[in-house]
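Here is a short report on one protein model. It covers the sheet, the helices and the packing.

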Amino acid sequence: MTDEITERASRVLDVCRGASLMVATAESCTGGLVAGALTEIAGSSDVVDRGFVTYSNAAKQQMLGVPEAILATHGAVSEETARAMARGALAASQAQLSVAVTGIAGPGGATETKPVGLVHFAAAKKGGMVLHREERFGDIGRTEVRRRSVLVALEMLETLARF
């Protein structure tokens, strides 16, 4: 983990701890890196409930309850799927706060309308709002897309935890 990621993850844990919020992650292109960043920090077990790595559409449906119709209509990399993943993580956990990440880290998998570096994020609070963010990082390399995605996901968790 980079110092920047560790610092941001520490802030998320502190804010969540202060608000008595548990967190769940729902990750596709980051493959568990958001949960990994949080759990890298000693004592994170009082905040992190669980993480879902849902790389395939079947996993998104089975583990998070993402409707097949959303995946068929909008695709795995979409605002609708990210929102459904975030809501599903709350429903399938004891957490009050969740974050979802789904995107195209590359180098393959892109289409004309969904280029490499496109990532959709959603953060949800139980009984509350769902935030969405779209990033187009560009073809900056798989590792860098994933690193930047972790930072955005942590930022969204911190923002929503403060509401």
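Does Ser10 count as buried, partly exposed or exposed? Ser10 counts as partly exposed, because its relative accessibility is 25%; buried means under 20% relative accessible area, exposed over 50%, and partly exposed in between, with a 1.4 Å probe and protein chains only. Ser10 is found in helix α1. Ser10 and Glu40 are 30 residues apart in sequence, and their C-alpha atoms are 9.5 Å apart in space.

This is a predicted model, in which local features need pLDDT of at least 70, side-chain atom pairs count only at pLDDT 80 or more, and totals for chains, interfaces and linings use all residues. Residues are numbered from 1 along each chain as its sequence is written, and side-chain values use heavy atoms, with hydrogens and water left out.

**Sheet**

Helices (H or I, at least four residues) and strands (E, at least two) are DSSP runs, numbered from the N terminus. Strands pair if DSSP finds at least two bridges between them. Five strands form an open, mixed sheet in the order β2-β1-β3-β4-β5. β2 and β5 stand at the edges with a single partner strand each, so one side of each lacks a neighbour in the sheet. The twist averages 10° from one strand to the next. β1 and β3 run parallel, joined by five bridges. Glu27 stands opposite Val101 in β3.

**Helices**

Helix α6 lies across β1, β3, β4 and β5, at about 25° to β4. Axes are lines fitted to C-alpha atoms, for helices over the stretch in contact, and angles run from 0 to 180 degrees between N-to-C directions. Contact means heavy atoms within 4.5 Å.

Helix α5 has 13 residues and should span 18 Å at 1.5 Å a residue; its end C-alpha atoms are 18 Å apart, which agrees. The expected span is 1.5 Å times one less than the number of residues. The buried residues of α5 include Thr81, Met85 and Leu90. Among the elements covering them are β1, β2, α3 and α4.

**Cores**

A nonpolar core is a set of buried Ala, Val, Leu, Ile, Met, Phe, Trp, Tyr and Cys residues joined through side-chain atoms within 4.5 Å.

| Core | Size | Residues include |
|---|---|---|
| Largest | 33 residues | Cys16, Leu38, Leu97, Phe121, Leu154, Leu157 |
| Second, separate | 17 residues | Val66, Ala82, Ala86, Ala124 |

Beyond its neighbours within four places in sequence, Cys16 is in contact with Leu21, Val23, Val47, Leu97 and Ala161.
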